[in-house]
Amino acid sequence: MRFMMLMIPLGYESASPDVQLDPERVRAMMRYNEALKEAGVLITLEGLHPPSMGARVSFAGGKPVVTDGPFAEAKEVLGGYWMIEVGSRDEAIGWAKQCPASENEIIEIRQVQEMADFSDEVQQAAAGFAELPHAGRT
């Protein structure tokens, strides 16, 4: 089973584009990332720049509207993610609990949908999608 662990750093929604990282916290996180890798569960991981450098495309009225960050209505934003492959939700939670996160960070765990999770009708509607890189893995 694949799970995405989403890092939600509280306060990141208002971080400036030149936010500075604490080298000691980065070292601790790299040790955690190495443990995921050594255990053979890590698929990929990435950190994200703050929302002040991002954009959102909304579709109110059926037309795309671009809003540059930061986003005033944002209460929580993603700071990064890990994609892991483990045997169960409990195992994914176990890995998240080992993260050297600070008290102002939250990790949300979400299982990745697999084609096998859907009805035959939905699988037929998505025919060909499984051939895309990393799409619909089973």
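How much of the contact in the protein chain with a separation of 6 or more is accounted for by residues 24 or more positions apart? The share is 74%, where a contact means heavy atoms within 4.5 Å.

## The model and the chain

This is a predicted model, in which local features need pLDDT of at least 70 and side-chain atom pairs count only at pLDDT 80 or more, while totals for chains, interfaces and linings use all residues. Residues are numbered from 1 along each chain as its sequence is written, and side-chain values use heavy atoms, with hydrogens and water left out.

The secondary structure of the protein chain comes to 3 helices and 6 strands, and along the sequence these elements follow the pattern β-α-β-β-β-β-α-β-α. Helices (H or I, at least four residues) and strands (E, at least two) are DSSP runs, numbered from the N terminus. The C-alpha atoms fill a box of roughly 50 × 45 × 20 Å, taken along the principal axes. Of the 138 residues of the protein chain, 29% count as buried; here buried means under 20% relative accessible area, exposed means over 50%, and partly exposed lies in between (1.4 Å probe, protein chains only).

## Helix 1

Helix 1 (residues 23-38) has 16 residues and reaches 22 Å from its first C-alpha to its last, close to the 22 Å expected at 1.5 Å a residue; the expected span is 1.5 Å times one less than the number of residues. Its N-terminal end is capped by Asp22, a side-chain oxygen of which lies 3.1 Å from the backbone nitrogen of Glu24. Just after helix 1, Gly40 takes a positive phi of about 80 degrees, whereas most residues other than glycine have a negative phi.

Which residues of helix 1 are buried? They are Ala28, Met29, Tyr32, Asn33 and Leu36. Seen down the axis of helix 1, these buried residues fall within an arc of 140 degrees, so they line one face of the helix; the arc is that of the directions from the helix axis to the C-beta atoms. An α-helix has 3.6 residues a turn, so residues three or four places apart point the same way. On the other side of helix 1, Arg31, Lys37 and Glu38 are exposed. What covers the buried residues of helix 1 includes strand 1 (2-9), strand 2 (42-47), strand 5 (80-85) and helix 2 (89-97).

## Helix 2

In helix 2, the buried residues are Ala92, Trp95 and Ala96. Seen down the axis of helix 2, they fall within an arc of 100 degrees, so they too line one face of their helix. The face turned away from this buried side carries the exposed residues Asp90 and Lys97, and what covers the buried residues of helix 2 includes strand 1, helix 1, strand 5 and strand 6 (105-111).

Trp82 is found in strand 5 and is buried, with a relative accessible area of 5%. A polar contact of 2.7 Å joins the side chains of Trp82 and Asn33; a polar contact is a pair of N or O atoms within 3.5 Å, and within protein one must be able to donate a hydrogen and the other to accept it, while residues adjacent in sequence count only if both atoms are side-chain atoms. The C-alpha atoms of Trp82 and Ile43, 39 residues apart along the chain, are separated by 7.6 Å.

Cys99 is found in the loop between helix 2 and strand 6, and at 10% relative accessibility Cys99 counts as buried. Leaving aside neighbours within four places in sequence, Cys99 is in contact with Met7, Met29, Tyr32, Trp82 and Ile107. By contrast, Cys99 and Gly128, which are 29 residues apart in sequence, lie 37 Å apart in space, C-alpha to C-alpha.

Ser52 lies in the loop between strand 2 and strand 3 (55-58) and is buried, with a relative accessible area of 17%. The side chain of Ser52 reaches the backbone oxygen of Ala15 at 3.0 Å. Not counting residues up to four places away in sequence, Ser52 touches Ala15, Ser16, Pro17, Gly69 and Pro70.

Pro70 lies in the loop between strand 4 (65-68) and strand 5. The peptide bond from Gly69 to Pro70 is cis, with omega near 0 degrees, whereas most peptide bonds are trans.
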